[in-house]
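We will start with the whole chain and then move to a handful of side chains.

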Amino acid sequence: MIVTILSLFVALYSIKNGDVIIEIKNLIEWIKTHSGLKVSNLYISQIKRKCGGGKNYNLPKSEDSRQPQCPLEKEKAIREAFKYFWMI
């Protein structure tokens with residue numbers, strides 16, 4: 001519960017100050033540094049949606065769209081980054 005409230009506070013603070021793009025870049029850099037994997041904004045948004053995150057702008061246009069799905073190893077790395085940055 002406390003982590004959720006803290007995550008919400010961080011998200012609201014980031015949106016208020018226009019730091020959302022910087023926050024995603026920090027996630028991507030952290031993942032590349034710690035796991036050596038290169039992840040995209042699409043993969044980050046897919047995992048964020050799985051974790052119950054906020055608004056998602058990378059939704060597929062239709063249910064039968066052929067968007068690439070995040071591989072398991074990258075999903076683990078993204079979840080670790082979310083935990084590191086207190087997003088989940």
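Colour the protein chain by secondary structure: this predicted model shows 4 helices and 0 strands. Followed from the N terminus, the elements read α-α-α-α.

The accessible surface of the protein chain is about 6800 Å², and carbon and sulfur atoms account for 60% of that. Of the 88 residues in the protein chain, 24% are buried. If you display contacts between residues at least 6 apart in sequence, 61% of them join residues at least 24 apart.

Next, show the aromatic side chains. The structure holds 3 aromatic pairs. Select W30 and Y84 to see one of them: the ring centres are 4.9 Å apart and the planes meet at 25°, so this pair is stacked, the cut-off being under 30 degrees. W30 belongs to helix α2 (residues 20–35) and Y84 to helix α4 (residues 72–84), so the pair ties together parts that are 54 residues apart in sequence.

The rings of Y84 and F85 have centres 5.1 Å apart and planes at 85°, so they form an edge-to-face pair.

Is W30 buried or exposed? Its relative accessibility is 14%, so W30 counts as buried, the limit being under 20%. F85, at 27% relative accessibility, counts as partly exposed.

Note on methods: Residues numbered from 1 in each chain as written. Predicted model: local features only at pLDDT ≥ 70, side-chain atom pairs only at ≥ 80, totals over all residues. Heavy atoms only, no water. Helix = DSSP H or I, 4+ residues; strand = E, 2+ residues; numbered from the N terminus. Buried < 20%, exposed > 50% of the residue type's maximum accessible area, 1.4 Å probe, protein only. Contact = heavy atoms within 4.5 Å. Areas by Shrake-Rupley, 256 points an atom, 1.4 Å probe, with all protein chains shown as cover. Phe/Tyr/Trp six-rings, centres within 6.5 Å; stacked < 30°, edge-to-face > 60°.
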